[in-house]
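User: Please take me through this model in short questions and answers.
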Amino acid sequence: MGEVRRHLAVLARVHNRDKAGPGVRRGGALSGTNLLVIASEYLNKQPRPLIMALGAALILLAGCLDYFTEANLAFKLFYLAPVALVTWQAGRKAGMATAVAATLTWSLVYVSTQPAVQWATIVPYWNIASSLAIFLMVSLMLSGLRGALDHEMELARTDPITGAPNSRAFFEQVEQELARSLRYNRPFSVVYLDADNFKGINDKYGHSVGDDLLRTVANTVRTHLRITDLVARIGGDEFTLLLPETGRKEADMVMSRISEALTAAMQQNEWPITFSMGVVTYLAPPPTVDALIKAADDLMYSVKRSGKNSIKHAVYGDRADAA
């Protein structure tokens, strides 16, 4: 359990450090790579129709430049920018539609700037078909790459044993909830849950049974949560729950149901396991994620020190009307 606490503390410090501004280097300068990261994060927040409109505008701009500069085939590269942008930000179908639109625009410019096009030959048809093939190929390749990256990012946020979110995903959600609580003046609760005497299960039955127990805990807790709630495995036999829009009374009710369900699941499988839980309701958000972790973590460990197999609840903040 000590390793888990150190792991969470390190993650919290890194998380708070990163919030100071991604990409800040010597003298406060931003590298080109980090500027791209910032631009990508900004675009990720934009609605899909806006991305599509931006792609259409870039196609129109490329067409106008192509028409007035008469750059011909060399200008095809400029049509790739909106195709790549829309594919990356809006998905494969939108990217393929943009590829078709780029091809049509390029074809109109090609026909209007090449009055001597020999339609009786294969050349114009080949040029148009090759343009469509290039744009579609770029769209398909980028959509495949984006899908693979998204899959890897999801794996990086998922605990491989239980399938629940991991500590990285927990911090992301907590940061969002902190901002939301501060903006809308709403409470939320955080729960630390530890399986008592879990090491004995691994020693007596083996790690495969221990993994089954962890999966049972995650699934049991998940079935008693709302879709907006989060249960994450933060390491070892410890789990954390994030309960948005949840005051003290609501958190007590939720944790009572979860405690009963976990006890029943352990008895059904004949596992001699109990649970220590620390519940902190935040009526006002703490100043940092690190402070949130310390308050909830300390409460859970006070349960462990006082005999285990119990729930303790504390309230942080003085916003009385929020509970």
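User: What span should the 22 residues of α5 have at 1.5 Å a residue, and how far apart are its end C-alpha atoms?
Analyst: This is a predicted model, where local features need pLDDT of at least 70, side-chain atom pairs count only at pLDDT 80 or more, and totals for chains, interfaces and linings use all residues. Residues are numbered from 1 along each chain as its sequence is written, and side-chain values use heavy atoms, without hydrogens and water. Helices (H or I, at least four residues) and strands (E, at least two) are DSSP runs, numbered from the N terminus. The expected span is 1.5 Å times one less than the number of residues, so α5 should span 32 Å, and its end C-alpha atoms agree at 31 Å.

User: Which elements do the buried residues of α5 pack against?
Analyst: Buried means under 20% relative accessible area, exposed over 50%, partly exposed in between (1.4 Å probe, protein chains only). The buried residues of α5 include Ala94, Trp106 and Tyr110. Contact means heavy atoms within 4.5 Å. The buried residues of α5 pack against α3, α4 (76–90) and α6.

User: Within what arc do the buried residues of α3 fall, seen down its axis?
Analyst: The buried residues of α3 are Ile51, Gly55, Ile59, Ala62, Gly63 and Asp66. The arc is taken from the directions from the helix axis to the C-beta atoms. These buried residues line one face of α3, because they fall within an arc of 115 degrees.

User: Which exposed residues does the face of α3 turned away from its buried side carry?
Analyst: Helix α3 covers residues 48–69. Its face turned away from the buried side carries Pro49, Leu60 and Phe68.

User: Where is Trp119 found, and is it buried or partly exposed?
Analyst: Trp119 is found in the loop between α5 (92–113) and α6. Its relative accessibility is 38%. Trp119 therefore counts as partly exposed.

User: Where is Asn185 found, and what is its phi?
Analyst: Asn185 is found in the loop between α7 (167–184) and β1 (188–196). Asn185 is partly exposed, at 40% relative accessibility. It is not a glycine, yet its phi is positive, at about 60 degrees.

User: What is the relative accessible area of Lys308?
Analyst: Lys308 is found in the loop between α11 (289–305) and β5 (311–316). Lys308 is not a glycine, but has a positive phi of about 70 degrees. Lys308 is partly exposed, and its relative accessible area is 33%.
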